[in-house]
Amino acid sequence: MGFSIVGLSLLIASCATTPKAPEAIVLGEDVCAGEATRIYFPHGESVLNALAAQVVVRVQDQLAQCPKRRIVLVSISGDDGPPSRAKNLEERAAIVRQILVSRGVAENRISATAEGPMVDQAPKGPIGGVLIFTRP
């Protein structure tokens, strides 16, 4: 009986949690639902390795399923050392944009940022990179 009361309490508590704001950046697998995929770059560099380029191509395949959504690229620094130079952040977004455009994504559908509120709310990690997500 005691376990069922604890279980019921946990269920009620989980239902009472406040959902994340719709504009929050959340990492996940469903880019068309607005979840972000992280594309990693070596710290301080603007070179995309072959594996990371394959991830961009996989994301582009997903983006074909939601052609009316806007694509947002957010460049972020890693926390494994000093922040990457602003030039690196811009170059990183340009590389990801170039791959997407070369794979048929309309350039006017893509926006990019390396500063501001989207960067501040982006999930941080040990390695810098570019987050790709969509918005209506």
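Analyst: Contact here means heavy atoms within 4.5 Å. The model is a predicted one. With that cut-off, and leaving aside neighbours within four places in sequence, Ala-24 is in contact with Gln-121 and Arg-135.

User: Where does Ala-24 lie, and how many Å apart in space are Ala-24 and Gly-34, C-alpha to C-alpha?

Analyst: Ala-24 is placed in the loop between helix H1 (2–15) and E1. Ala-24 and Gly-34 are separated by 10 residues in sequence, and from C-alpha to C-alpha the separation in space is 9.2 Å.

User: What pattern does the chain follow when read along the sequence?

Analyst: The chain holds four helices and four strands. Read from one end of the sequence to the other, these elements give the pattern α-β-α-β-α-β-α-β.

User: Which side chains meet in a salt bridge, and how many residues apart are they?

Analyst: The structure holds one salt bridge, in which the side chains of Arg-103 and Asp-61 meet at 3.2 Å, N to O. The pair links distant parts of the chain, with Arg-103 in the loop between helix H3 (86–102) and strand E3 (110–113) and Asp-61 in helix H2 (residues 50–63), so that the two are 42 residues apart.

User: Are the two partners, Arg-103 and Asp-61, buried, partly exposed or exposed?

Analyst: The relative accessible area of Arg-103 is 38%, while that of Asp-61 is 41%. Because both values fall between the 20% and 50% limits, Arg-103 and Asp-61 each count as partly exposed.

User: Why do the buried residues of H3 line one face of the helix, and within what arc do they fall?

Analyst: H3 has 17 residues and reaches 24 Å from its first C-alpha to its last, close to the 24 Å expected. Its buried residues are Asn-88, Leu-89, Arg-92, Ala-93, Val-96, Ile-99 and Leu-100, whereas Ala-86, Lys-87, Glu-90, Gln-98 and Ser-102 are exposed on the other side. An α-helix has 3.6 residues a turn, so residues three or four places apart point the same way. Seen down the axis of H3, the buried residues therefore line one face, falling within an arc of 135 degrees.

User: What covers the buried residues of H3?

Analyst: The cover over these residues draws on both helix and strand elements, and it includes E1, H2, strand E2 (70–76), E3 and strand E4 (129–135).

User: Which element supplies the largest share of the largest nonpolar core?

Analyst: The largest nonpolar core has 19 residues, and those with the most contacts inside it are Ile-39, Ile-71, Leu-73, Val-96 and Leu-100. At least two residues of this core come from each of H2, E2, H3 and E4. The largest share, four residues, is supplied by H2.

User: How many residues make up the second, separate core?

Analyst: This second core is separate, and its members include Ala-36, Ile-76, Ala-122 and Phe-133. Its residues number nine.

Note on methods. Residues numbered from 1 in each chain as written. Predicted model: local features only at pLDDT ≥ 70, side-chain atom pairs only at ≥ 80, totals over all residues. Heavy atoms only, no water. Salt bridge = Lys/Arg side-chain N within 4 Å of Asp/Glu carboxyl O. Buried < 20%, exposed > 50% of the residue type's maximum accessible area, 1.4 Å probe, protein only. Expected span 1.5 Å × (residues − 1). Arc of directions from axis to C-beta. Core = buried A, V, L, I, M, F, W, Y, C linked by side-chain atoms within 4.5 Å.
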